[in-house]
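Subject: Structure handover

Hello,

Here is the structure I promised to pass on. Please open it and keep it beside you while you read my notes.

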Amino acid sequence: MVTKTETIAAIATPSGTAGVGLIRVSGPLAPELAQRLFRPAHSNCTWQSHHCYHGDIIAADGKTVLDEVLATLMRKPRSFTGEDVLEISCHGNPLILQNIMEQFLALGCRPARPGEFSERAYLNGRMDLSQAEALAAMICAQSAKALQLELSQLKGSLGNSIDELRSLLIDGLANLEAAIDFTEDVSDKEIPAVPGQILQAAAGVELLLSTYRQARLITQGIRVVIVGKPNTGKSSLLNRLAGKKKAIVTDIPGTTRDLITETITLDGISIHLTDTAGIRPPRDDIEKEGISLVRQQMEQADILLLLFDGSQPLTDEDYRILEQSKKRDCQILTVVNKRDLAPAWDNRLPGHPLHGRRLLDLSAKFGDGVEDLKKALSDLAGGTDAPAEGGMISRLRHKLALEKALACLKAAQNCLATGQSSEFAAFELSEALNALDEITGKKISEDVLSRIFSGFCIGK
Ligand SMILES: Nc1nc2c(ncn2[C@@H]2O[C@H](COP(=O)(O)OP(=O)(O)O)[C@@H](O)[C@H]2O)c(=O)[nH]1
Ligand SMILES: [Mg+2]
């Protein structure tokens, strides 16, 4: 247990007017501040831990009533931070919250830094680092699936998977160390080739790594960029998917110049849509700027939605966009719009530039086929898959640590397979352990820690 002498305080609810606001205090002064600033409404206030008491908050002058509140003291170590914690639920007027905060500060607290409550919880062993990160991410989660994933990590799913891998490695190390101790007595041939634990751990690390793409999609959502030449109906399609008129639709080519974005949710996954300027030789500087923005967007897309007009013959502009899209390393959905009008081309004909490609037909104007497009988007995003059992990794930090662990495990296998001394393999295994410990925070540098926690909200 890390003893912190400073008592920290923060308003934990968002700024602005609300029914209720919450102030959190953590540290050794919390019980004394409860006694000093709270006047109970009933005489039975004994400050039992985790009990909620009704009364007034009184200013440090001992007279002025600041608000009628509920106060709860949670004594260490059974609190969120592992320290004595006082929570005051008051009325959610920013002036009241500020007034109460000032009393705490006047009596010796200091304002908490972002994430400092969680940091203390981690330092006091109330949660591991992966859980603290999940907590911060859960607060900001944008979709139901993301919420579910972070909650499962908060409950320890990733930490448990890492613990299992750890114990495999510790057993593996024990095996190797036994081999090192008896190396005098054992001829080369008798040294076990590769302890099963190493193979098992490597497979476990690979399994976790394989969840990254899916988990990123779940937590970050997926970027879909709609591209096509002018007048294919890109803006109409964005409006149709968004279910509202976001982008201006006209029959004048080159109407859209800025990027127009909208986020929708499909099957619990956020889909960030971007409508772009039609790609063609630009007619003026504004259009030129707009088209250069499209190119940047194409670079960042997870899915490129190529839109063609089915009612007009394809042109060189269409072919150019098609060629450009082939250079991109992302998923591509090829969509043909205006299927309410007579078709002007047929990709089933041999030699057609879109021959053999799976096309989605729709009418952005009237809505036919749009449900199929949503289904296709959701399938590409893996929207119908439930999050994997056990841990999933959605943070780059975790991915990098696992990649490091995997590289060490492979190196250990290689040492043993090539008959090198077991000591080399043991060294690689302990490096793999260190990499795993970065995820749960068992072993981590101060810098990394402060970078992680500084991204949190105040009051969390
Ligand atoms: N008939 C028909 N017209 C459409 C359809 N989608 C868009 N349009 C029309 O095509 C023109 C260009 O549409 P817009 O969405 O502005 O295209 P953008 O330049 O690609 O953004 C407008 O007159 C739209 O009403 C469609 O599915 N069917
Ligand atoms: Mg447009």
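Asp302 is partly exposed, at 24% relative accessible area. That term covers the range between buried (under 20% relative accessible area) and exposed (over 50%), using a 1.4 Å probe and protein chains only. This is a predicted model, so local features need pLDDT of at least 70 and side-chain atom pairs count only at pLDDT 80 or more, while totals for chains, interfaces and linings use all residues. Residues are numbered from 1 along each chain as its sequence is written, chains are lettered from A and ligands numbered from 1 in the order in which they are written, and side-chain values use heavy atoms, with hydrogens and water left out.

Salt bridges

What does Asp302 pair with in a salt bridge? Its partner is Arg223, and their closest N and O atoms are 3.6 Å apart. A salt bridge here is a side-chain nitrogen of Lys or Arg within 4 Å of a carboxyl oxygen of Asp or Glu. Arg223 sits in strand β8 (residues 222-227). Asp302 sits in the loop between α10 (285-300) and β11 (303-309). The two are 79 residues apart, so this pair links distant parts of the chain. Helices (H or I, at least four residues) and strands (E, at least two) are DSSP runs, numbered from the N terminus. Arg223 is partly exposed too, at 39% relative accessibility.

Next, look at Glu262 and Lys244. Their side chains form a salt bridge, 3.1 Å from N to O. Glu262 is in strand β9 (residues 260-266), and Lys244 is in the loop between α9 (234-242) and β9. They are 18 residues apart. Is Glu262 buried or exposed? Glu262 is buried, at 12%. Lys244 is partly exposed, at 43%.

Lys399 and Glu403 make another salt bridge, 3.2 Å from N to O. They lie 4 residues apart in helix α13, which means about one helical turn between them. Lys399 is partly exposed at 21%, and Glu403 is partly exposed at 34%.

The count comes to 26 salt bridges. Some of them form a network, which links Glu6, Glu83, Arg110, Arg113, Glu116, Glu119 and Arg120.

Two helices packed together

Now find helix α13 (residues 396-417) and helix α14 (residues 422-440). They pack at an angle of about 170°, with axes 8 Å apart. Axes are lines fitted to C-alpha atoms, for helices over the stretch in contact, and angles run from 0 to 180 degrees between N-to-C directions. The two helices are therefore roughly antiparallel, a label for angles over 145 degrees. The contact (heavy atoms within 4.5 Å) includes Ala401, Leu402 and Ala405 in α13, and Phe424, Ala425 and Leu429 in α14. By class, it has 16 nonpolar, 2 polar and 5 charged residues. Ala, Val, Leu, Ile, Met, Phe, Trp, Tyr, Cys and Pro count as nonpolar, Asp, Glu, Lys and Arg as charged, and the others, Gly among them, as polar.

Aromatic pairs

How many aromatic pairs are there in the whole structure? The search finds 4. Rings of Phe, Tyr and Trp (its six-membered ring) pair if their centres lie within 6.5 Å; planes under 30 degrees apart are stacked, over 60 edge-to-face, and the rest tilted. Tyr122 and Phe453 form a tilted pair, 6.0 Å centre to centre and 35° between planes. Tyr122 lies in helix α3 (residues 116-123) and Phe453 in helix α15 (residues 446-454), so the pair ties together parts 331 residues apart in sequence. Both residues are buried. Phe453 also pairs with Phe456: the centres are 5.0 Å apart and the planes at 55°, so this pair is tilted. Phe456 is buried as well. Elsewhere, ring pairs link Phe38, Trp47 and Tyr53 into a cluster.

Best wishes

Notes. Parallel < 35°, antiparallel > 145°, perpendicular 65-115°, else oblique.
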